[in-house]
Each structure stands twice: as C-alpha cells, then as structure tokens.
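Student: I am new to this structure. Could you walk me through it, one question at a time?

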Amino acid sequence: MNTPDRLTSDFFTRDVLTVATEILGKKIVLRQKDGSFINFTINDVEAYRGTEDKACHASKGKTPRTEVMFQNGGVLYVYLVYGLYWMLNIVTSVEDDPQAVLIRGVENCIGPGRVTKLLGIDSSFKGEGLSSSSRIWIEDAPSVKEFKTGVRIGVDYAGDYWKSRPWRYYI
C-alpha cells in the first residue's frame, strides 16, 4: 500500500545518527486486523551503529538473529528480550553496514516493550520492508528542530566508551 507521505527506502539508507534524529516526530502507521489504521508520533529513539559499536547486536558479526541488520535500510529488526518483550528497530544504512534505530517511545507511551505491546509488534514483523509493507510504515511529518540527547539505556555491558555515547534522542 503506497501513501504519498510514506518514507521511502532512501530515507533509511543513511547513517543511523542522521536517521535517528530525523525520524523524531514522524508517524508510525499500522493497519489493524479489522482494516482500520492507528498511528503514533515517534518521540524517543536510540541509535546503534554497526560492528564497531559494542552495544550493537551486530558487533558480534552476522548471526541468524542479526542477519536482517546487514540488509539495506528500511527493514525491521525485531527481537525478544528477557523472553518477554519485543524490541522494534529500523535498520538503517546500506547492505553489510549494520545499523539500526530502536524505537523507545511514541506519543503517550514510553519504553520499547510497552511500545511494541501497544503497536502489536511480534516476531512476524522481523524483516518487513517499511517502503512496501501493507501493515506498517513510517509517514513523513515536519522535522523536529529541538530534541534532547542522552546515553543509551541498558547497555552497561558495552564498556564505558560505548555506554556513554549520547545516542539517545527524544522530544
């Protein structure tokens, strides 16, 4: 399903630090089982920047879990944490340069596990292409000019340098 405001793959095939800041304020749209649509403004994200970033799952190389991260940007990387919560990531950059934006919050809902529950995200979304999907996409909205930055949450395992990167962006 094509909509005139849907972001194309060109938006996502850029560096994660650019995509992460520019995706703030955009709308994530989902088609519900009954055919209706829901949409929410993205307001909190974290950037994970490839194999050198020790907080990024791709830092350990390509595995069955992370292989989707090595695709061209614009596909979804969805995984389960603690056996309880699905995490929604949007792959960015180009093939074999694994980068992703974690969606941490949308309007009125903060916390990546809460977001996926609200949106109905599960493993079936892994690898879904945002530019061609009929059930999930991102729509353009005016750019957010002012946002805050902070360190990423829950990445102490990555060491002092990587856990202190100010790659969380939120409004």
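Student: How many salt bridges are there?
Tutor: Keep in mind that this is a predicted model. A salt bridge here needs a side-chain nitrogen of Lys or Arg within 4 Å of a carboxyl oxygen of Asp or Glu. By this rule the count of salt bridges is 10.

Student: Which parts of the chain does the salt bridge between Arg 168 and Asp 44 tie together?
Tutor: The two side chains meet at 2.6 Å, N to O. Both Arg 168 and Asp 44 are buried. Arg 168 lies in strand 9 and Asp 44 in strand 2, so the pair ties together parts 124 residues apart in sequence. The parts are strand 9 (residues 168-170) and strand 2.

Student: Which ring does Arg 168 lie over?
Tutor: Arg 168 also forms the salt bridge with Asp 44. The distance from Arg 168 to the ring centre is 4.6 Å. The ring whose face lies under Arg 168 belongs to Tyr 170.

Student: Is Asp 96 buried or exposed?
Tutor: Asp 96 forms a salt bridge with Lys 62, with the closest N and O atoms 4.0 Å apart. Asp 96 sits in the loop between strand 4 and strand 5, and Lys 62 in the loop between strand 2 and strand 3. The relative accessibility of Asp 96 is 51%, and exposed means over 50%. So Asp 96 counts as exposed.

Student: Which residues is Lys 62 in contact with, leaving aside neighbours within four places in sequence?
Tutor: Lys 62 is exposed, at 53% relative accessibility. Its C-alpha atom is separated by 22 Å from that of Tyr 85, which is 23 residues away along the chain. With those neighbours left aside, the contacts of Lys 62 are Glu 67, Phe 70 and Asp 96.

Student: Is Glu 128 buried or exposed?
Tutor: Glu 128 forms a salt bridge with Arg 135, the closest N and O atoms being 2.8 Å apart. Arg 135 is partly exposed, at 25%. Glu 128 has 16% relative accessibility, and buried means under 20%. So Glu 128 counts as buried.

Student: Which backbone nitrogen lies 2.8 Å from a polar atom of the Glu 46 side chain?
Tutor: Glu 46 lies in strand 2. At 0% relative accessibility, Glu 46 is buried. Beyond four places in sequence, Glu 46 touches several residues, including Arg 152, Trp 167 and Arg 168. The backbone nitrogen asked for is that of Ile 153.

Student: How many aromatic pairs are there?
Tutor: Rings of Phe, Tyr and Trp pair if their centres lie within 6.5 Å. By this rule the count of aromatic pairs is 6.

Student: Is the pair of Phe 37 and Trp 137 stacked, tilted or edge-to-face?
Tutor: The ring centres are 5.9 Å apart. Phe 37 lies in strand 2 and Trp 137 in strand 7, so the pair ties together parts 100 residues apart in sequence. Phe 37 is partly exposed at 40%, whereas Trp 137 is buried at 1%. The planes are 65° apart and the cut-off is over 60, so the pair is edge-to-face.

Student: What is the angle between the planes of Tyr 77 and Tyr 79?
Tutor: Tyr 77 and Tyr 79 are both buried. Their rings form a tilted pair, 5.0 Å centre to centre. The angle between the planes is 35°.

Student: Which residues do ring pairs link into a cluster?
Tutor: One of them, Tyr 161, has Arg 165 over its face, at 3.9 Å from the ring centre. The cluster is Tyr 161, Trp 162 and Trp 167.

Student: How many residues does the largest nonpolar core have?
Tutor: In soluble globular proteins, nonpolar side chains tend to be buried together. Among the core residues with the most contacts inside it are Phe 12, Ile 23 and Ile 138. Ile 23 is in contact with Phe 12 and Ile 138, among others. The number of residues in this core is 50.

Student: Is Asn 108 buried or exposed?
Tutor: Asn 108 lies in the loop between strand 5 and strand 6. It has a positive phi of about 65°, although it is not a glycine. Most residues other than glycine have a negative phi. At 81% relative accessibility, Asn 108 counts as exposed.

Methods. Residues numbered from 1 in each chain as written. Predicted model: local features only at pLDDT ≥ 70, side-chain atom pairs only at ≥ 80, totals over all residues. Heavy atoms only, no water. Phe/Tyr/Trp six-rings, centres within 6.5 Å; stacked < 30°, edge-to-face > 60°. Helix = DSSP H or I, 4+ residues; strand = E, 2+ residues; numbered from the N terminus. Buried < 20%, exposed > 50% of the residue type's maximum accessible area, 1.4 Å probe, protein only. Lys NZ or Arg CZ within 6 Å of the ring centre and 35° of its normal. Core = buried A, V, L, I, M, F, W, Y, C linked by side-chain atoms within 4.5 Å. Contact = heavy atoms within 4.5 Å. Polar contact = N/O pair within 3.5 Å; in protein donor to acceptor, adjacent residues only side chain to side chain.
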